[in-house]
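Dear colleague,

Please find below the structure for your review. My findings follow directly after it.

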Amino acid sequence: MKNSLFVLMPDGVGIKNYIYANVFNDLDKSVTLLHKFKTETLKDFEIDDQIKFQHLRNYKETFFEKYYREKIHLSRLKYNASLKSNSSILSNYMPKKNKLSHKLFYSIVEISTRKNISKNHIHWLEKRYEKLLRKSRVYKEYYHFFKKHESSKLFCTHQRAIIAAPIFAAAKDAGIETITAIYSWDNLPKARLALRADKYIVWSPYMKNELKAYYPEIKNHQIKVFGTPQFEFHYDKSLLWTREKLAAYYHLDMNKKWLCFSGDDKTTSPFDQHYLKDIAKILSENELVNQWQILLRPVPVEGFDKYQEVIDQYPHLIKKTGAAWKLSSEWSDAYPKKEDLSVLSSLCEHADAVINVGSTMALDFGMHQKPAIYINYEAKENSYWSIKRIYKFQHFRSMENIEPVVWLDSPEQIIEILNNLDNYKQRTKKDMELWCEKIIPFNLRLESSQLIENELNI
């Protein structure tokens with residue numbers, strides 16, 4: 001099967017970013033999707049008939065594979081924190097220690113990385129890790145698989161998947177060109193580059209400079225600034241619903257203004273429900289309850305459960321506008337329906353503003369020229385979690401010297417902000433445009449899928 005493309009898609013986000021963007025539909029190659037989805041799940045994707053499917057082999061790391069991977073991760077985080085003089089980078093080390101065996105394992109990892117971390121030592125660890133990968137059953141199976149099929153390219157839709165590491169090693173050893181895309185704007189400081197590829201697709205010149213800073217061993221010609229298809233749907237007018245259709249779909253009040261509360265995952269913002277309650281309480285105690293509705297869109301893979309008590313308390317104020325996702329207990333099998341493109345785009349177009357804790361949704365709304373409000377006060381005093389730490393994360397340094405968002409420093413401040421929203425919008429509009437342009441330039445929001453398709457077609 002010469003002149004073919006294998007696409008490694010570890011989770012459902014790739015469906016939205018690549019399948020729904022039709023990146024693979026017009027390739028002059030045969031395309032095989034390597035995936036972990038259930039058979040019945042594949043029927044929902046409306047995938048082009050030319051694309052074939054193959055379920056990924058199971059991969060279970062050995063003790064030493066996991067040890068070196070985790071040791072590399074922690075070592076790189078420490079190195080990156082020192083490189084950028086930003087200790088918040090270390091908060092991305094969040095191992096699950098819910099079992100005694102896990103506690104013992106991570107204690108070994110942590111003790112072994114107490115010494116000063118050098119770049120050369122990290123490279124040595126990575127070479128040891130790569131040798132171990134090449135002994136794994138998955139590596140051997142995929143090496144023979146790629147040799148047999150003589151595939152010309154292997155593309156992974158994001159760089160974090162653990163299973164991608166042995167598969168990419170096998171592909172490279174079989175003489176196949178490998179390409180991966182950086183999945184999110186905050187991934188590079190987190191040291192989650194699980195695989196090594198021949199080429200890396202990044203969102204912007206800003207992200208290219210980040211990649212070169214954290215991984216100077218990656219050569220300039222290996223980095224392709226192609227954007228991401230993640231935002232293209234915002235500019236497809238055929239997907240946009242009218243305000244009337246969105247209101248009918250979610251039983252919204254057309255006579256009120258809409259404030260979208262977009263949720264974060266429980267790790268990023270464990271007190272989201274408290275923030276939602278604060279805002280609902282303030283609006284309910286003032287005349288704003290007669291002017292506004294809160295449109296709640298939780299992070300897609302978590303749903304409404306953690307908010308339900310607050311929703312029940314304010315049923316006429318808080319409206320579930322959710323995400324059109326098929327949820328699953330397994331992250332790899334949660335995925336968006338195509339309808340979600342219209343839902344999200346229409347929310348950004350017709351809601352008056354978005355409010356959240358440091359979410360990428362600020363960018364989505366910014367692309368619709370709508371203001372974003374970042375919550376910036378502590379939900380609970382003396383807690384293990386602090387809002388102040390969130391905005392010290394490295395990716396927020398992209399906001400230096402500009403003010404693209406409105407800062408909510410206390411619950412009561414929401415009254416003044418909403419009453420004067422047009423003024424705040426004008427105050428932040430130019431800087432929001434600058435910020436969006438830095439994260440992903442405008443032309444790449446329109447052309448990303450075509451640029452990636454062209455690269456895969458070579």
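Helices here are DSSP runs of H or I with at least four residues, and strands are runs of E with at least two, numbered from the N terminus. Because 10 of its 12 residues are buried, α12 is largely enclosed by the rest of the structure. Buried means under 20% relative accessible area, exposed over 50% and partly exposed in between, with a 1.4 Å probe and protein chains only. Among the buried residues of α12 are D340, L341, C348 and H350.

This is a predicted model, in which local features need pLDDT of at least 70 and side-chain atom pairs count only at pLDDT 80 or more, while totals for chains, interfaces and linings use all residues. Residues are numbered from 1 along each chain as its sequence is written, and side-chain values use heavy atoms, without hydrogens and water.

As to the whole protein, its secondary structure comprises 17 helices and 15 strands. The radius of gyration over C-alpha atoms is 23 Å, which agrees with the value near 23 Å for a compact globule of 458 residues (2.2 Å times the number of residues to the power 0.38). The C-alpha trace spans about 70 × 55 × 40 Å along its principal axes. Of the 458 residues, 57% count as buried.

Yours sincerely
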